[in-house]
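This briefing is meant for a reader meeting the structure for the first time. Please look over the sequence and the model before reading the points below.

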Amino acid sequence: MVPTIIAVGAAAFVLFMVMRARVTSEFIDGAKARSLVEGGAVLLDVRSPAEFADGHVDGAKNIPHDEVAARTSEVGSTDTTVVVYCRSGIRSSRAKAALESAGFTDVHNLGGMDRW
């Protein structure tokens, strides 16, 4: 029983590390994000409205990650450059995928707001 628990725990840890590496490898750095926004990209905060109200990057538009797919018209046309962020990078990764599924071709994931 104990070896099984250890094996399952080790497998879960390895899976977590692989997924974390996959998510973080898609992040852009703050300098790149600022450059894109200065060049006209839409800055999209995909945290909850309460989190947004507690503080956000100046100029960001708030659309919670679970509403992005239904609210793409608020982001712009599918050729709009978009930079998404959240608290840690998980929700922004989901929002990036939703935008790309909707046909957006130039979406960048900053990850957590602290990377700005």
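**Cores, a helix and a strand residue**

The largest nonpolar core has 14 residues, and those with the most contacts inside it are Leu 44, Val 68, Val 75, Val 82 and Leu 99; such a core is a set of buried Ala, Val, Leu, Ile, Met, Phe, Trp, Tyr and Cys residues joined through side-chain atoms within 4.5 Å, where buried means under 20% relative accessible area with a 1.4 Å probe, protein chains only. Strand E1 (42-45), E3 and helix H4 (90-101) each give two or more residues to this core; helices (H or I, at least four residues) and strands (E, at least two) are DSSP runs, numbered from the N terminus. This is a predicted model, in which local features need pLDDT of at least 70 and side-chain atom pairs count only at pLDDT 80 or more, while totals for chains, interfaces and linings use all residues. Residues are numbered from 1 along each chain as its sequence is written, and side-chain values use heavy atoms, with hydrogens and water left out.

**Second core**
- A second, separate core of 11 residues includes Ala 41, Leu 43, Phe 52 and Tyr 85.

**Helix H2**
- In helix H2 (residues 30-38), the buried residues are Gly 30, Ala 33 and Leu 36.
- What covers these buried residues of H2 includes E3 and strand E4 (106-112).
- After H2 comes Gly 40, whose phi is positive, near 115°.

**Thr 81**
- Thr 81 belongs to strand E3 (residues 81-86), and its side chain is joined to that of Asp 106 by a polar contact of 2.6 Å, a polar contact being a pair of N or O atoms within 3.5 Å, of which, within protein, one must be able to donate a hydrogen and the other to accept it, and residues adjacent in sequence count only if both atoms are side-chain atoms.

Terms used:
Buried < 20%, exposed > 50% of the residue type's maximum accessible area, 1.4 Å probe, protein only. Contact = heavy atoms within 4.5 Å.
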